[in-house]
Amino acid sequence: MTNHELRRIASQVRRDIIRQVSACQSGHPGGSLGCADFFTALFFKFLRKKIPFIMEGKDEDLFFLSNGHISPVFYSVLARSGYFPVQELSSFRKINSRLQGHPTTHEGLPGIRVSSGSLGQGLSVALGAALGKRIDHDKGLVFVLTGDGELQEGQIWEAMMASAHFKADNLIAIVDWNGQQIDGPNDKVMSLGDLEEKWKSFGWQVLHMNGNDMDEVVSQIQKAIDLSRNTKPTVILMKTIMGFGVDFMMGTHKWHGVAPNAEQTQIALNQLEETLGDY
Amino acid sequence: MANWDIFESTRKVATRNGFGEGLLEAGRKNNQVVALCADLIGSLKMDAFEKEFQDRFFQVGIAEANMMGIAAGLATIGKIPFTGTFANFSTGRVYDQIRQSIAYSNKNVKICASHAGLTLGEDGATHQILEDIGMMKMLPGMTVINPADASQTKAATLALVDHHGPAYLRFGRPDWPVFLENQKFEIGKAIRLKEGNDISIFATGHMLWQALEAVRLLEKEGIDCELINIHTIKPLDIDAILNSVRKTNKVVSCEEHQRNGGLGDGIAQLLALYHPSPMEFVAVNDSFGESGKPLELLDKYGLGILDVVNAVKKVINR
C-alpha cells in the first residue's frame, strides 16, 4: 500500500470520527483526529492480523489502545479493516451497542483485546502479551498506544521499568504526544519533563516521529519494527496535533471531549474528502 | 455425613503452603499456567514453581498494579496466570486494574492472595485486610474462594486451572489445623461437615475450624448444629444454604472479614429473598485490626470459639 493510498484512507477515517461523535453528540474527537494517520498506517500497512478476529492472536501482531477515550479512531480502522461491518459505526455510544464509549471486550466487538478507559493500564497489558508471546516463540509483535497526559499515571512507569527488565524486545510503545489534556497543556497541568531522556534512562530505544506526516509515520514504524528483537523495548514519541485535519479543532484541548454541532460537523466534513464511502 | 468425628486435626499447616503445593502441581498439569509475584515469593510459597518453571514465572517487583496488567495481557493470549501477593495488595491497592483489565475484560486471571484477615498477626491493621471479600464479590463475573485449610487451598488452586474466568483465591499466613484432606472440592459446592436440626452454621476460611470447635462444645450442651463450609463465596451454593435453613430456621455465619460485604451479608440477602430467618454474624464489626498473635486477635475481635458458641445460643434463644 502506498503512502498516497494511506492518506486517502486516513481522510475517510477522519470523516468516520467526526460522524460518530456528531451522531451521538458525545465522545473525543481531538485525540482521535490527531492519531488517525498512525492508526491508518499501522492497521493498513504493518499489522499482521487475522480476520475473523481471534482473541489469542497467535503469530499475529497485537495492538492495545491504552488511552481508550480515542475509541472513534480505533473503531473506524477496525471496521474499515473488516473486523466488523462499517455500518455499525453508526451505533457508537448508543444504547445496545458493541461500540461502547470506551473500548471493551465485554460486548464482544471483534478487534478489541482488553477494556481501556481508566488510564495507565495498557502498557502493562501489552507487556504481558509480549511476555506470553515470548514463551510461545510467537512471531508476532505487540504495539500499544498511550496518551501523553496518561504518562502522569504511576503504573506506566512500573510497566516501563519492567519492560526493560524483562528485555521485552517484541514490544513497541507509541506515545501520542499532542501536548494537551483535559485541563489544558501538559506543561501547565503536570509537566512531563524530558520524555526522551526518561524513556532512555528506563532502558528503552527511543524514536521520534511527526504523527501527522504519513511519510514519516510509515518510515518510523518500519524503523521501530527493524529495531525489535534486539534485547530492548522500543518507544516512538509521536508528535501530533490534536484535532489534525479539521482547522477549527487543531491544536487546542477544547475539542478533547466535545462533539461538534450540526453546523460545525458540516464544516469539518467539508475539509475531509470522502474516499471509501461514508457508512 | 454419618460420622463428623473424622474432622480431627493432628497437624497444622498454613493455607499458603497449600497454595504453593497446588500451584506447582497446576504447573505440571497444564503448561499454559504461568505465575507472577510482587516480591513475596517466600511468603506465598511460590519458590517451587519458580524453580521448576523459570520461563513461566515472572518476578515483577513491588508493583502490584503492573502485575495485574501483565497478568491480563498473558491471559489475553491464552495463558492462565496466577498472581501472588498479600490480600491487601491483591485487592484494595489494585482494584481499578482488576475491575477494568481483568473483570470487565473477562480475563482468565487467578488472583491469589495470602495473609488475609486478622490472623496475619503482628504486622497489624495496615496489612490485615478485612474488606477484600466484599470488594471482590461485587465485581461482576468474579469467582471468590476462601478455603479453610491447607488441603482445601491446594484443591482450590488446582480446580481454578480448569475454571475459565477471573477468580479471587483468599488464604492466610498462620499455621492452621488441617482437617479436610479427604473432602472432594468443587467450586461453588458447599461441604456439609455435620448434619444437625437446631441451627445452620455457615463458615468460611480459618473460621471453619473455629466453628467446628464450637459445634463440639455445643453438642455437649445438647445443641444439634448443622455445620456447612462455604468455601466459594461467589457464586454461593444457594441450594445448600436454603435446604439447610428450611430445616433449622436459624442461622449463624462465621468469617474472618468485615460483617459489611462478607459471606454473612450474602447469606442474609439470600434468606431475605427466600426464607427470612433469625441470624447472627460472627465477623469483624466495622473495625480495623491491630498487632497481636492470631488467636489473641480472633478472640479480641469477636471471632473466638466462644463467640461462635454465644452467637448460636443468641439465635436459639430469640
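Predicted model: local features only at pLDDT ≥ 70, side-chain atom pairs only at ≥ 80, totals over all residues.
## Helix pair α1–α8 in chain B

What is the geometry of the pair? Helix α1 spans residues 15–29 of chain B, and helix α8 spans residues 150–161 of chain B. Their axes come within 7 Å and cross at roughly 30°. Because angles under 35 degrees count as roughly parallel, α1(B) is roughly parallel to α8(B). The crossing of α1(B) and α8(B) is right-handed.

## Two domains in chain B

Contact between them involves 27 residues of domain 1 of chain B and 30 residues of domain 2 of chain B.

Which elements of domain 1 supply at least two residues each to the side that touches domain 2 of chain B? They are α7 (132–137), β6 (143–145), α8 and β8 (175–177) of chain B.

## The mixed sheet of chain B

Chain B holds an open sheet of five strands, ordered β9-β11-β10-β13-β14. The pairing is mixed. At the edges are β9 (191–194) and β14 (279–284) of chain B, each pairing on one side only. The twist from one strand to the next averages 25°.

Strand β13 (residues 251–258) of chain B runs parallel to β14(B), and five bridges join the two. Within β14(B), B:Glu280 stands opposite B:Val252.

Helices pack on this sheet. Helix α9 (residues 207–220) of chain B touches β9, β10 (199–203), β11 (225–229), β13 and β14 of chain B. Its direction makes about 170° with that of β11(B). Helix α11 (residues 263–274) of chain B lies across β10, β13 and β14 of chain B. Helix α11(B) runs at about 145° to β13(B).

## The parallel sheet of chain A

Chain A has an open sheet of five strands in the order β1-β2-β3-β7-β6, with parallel pairing. Strands β1 (62–65) and β6 (205–210) of chain A form the edges, and each pairs on one side only. Neighbouring strands are turned by 20° against each other on average, direction ignored.

Inside this order, β2 (residues 142–147) and β3 (residues 171–177) of chain A pair in the parallel sense over six bridges. A:Ala173 in β3(A) stands opposite A:Val144.

## Where the chains meet

How many residues of each chain take part in the contact between B and A? Chain B contributes 24 residues, in contact with 26 residues of chain A. On the chain B side, α4 (64–76) and α6 (95–103) are the elements that give two or more residues. Helix α4(B) provides the largest share, nine residues. The chain B side divides into ten nonpolar, ten polar and four charged residues.

How values were computed: Residues numbered from 1 in each chain as written. Chains lettered and ligands numbered in written order. Axes fitted to C-alpha atoms, helices over the stretch in contact; angles between N-to-C directions. Helix = DSSP H or I, 4+ residues; strand = E, 2+ residues; numbered from the N terminus. Parallel < 35°, antiparallel > 145°, perpendicular 65-115°, else oblique. Left-handed = near helix turned anticlockwise from the far one by under 90°. Contact = placed C-beta atoms within 7 Å. Nonpolar A, V, L, I, M, F, W, Y, C, P; charged D, E, K, R; others polar. Pairing = 2+ DSSP bridges.
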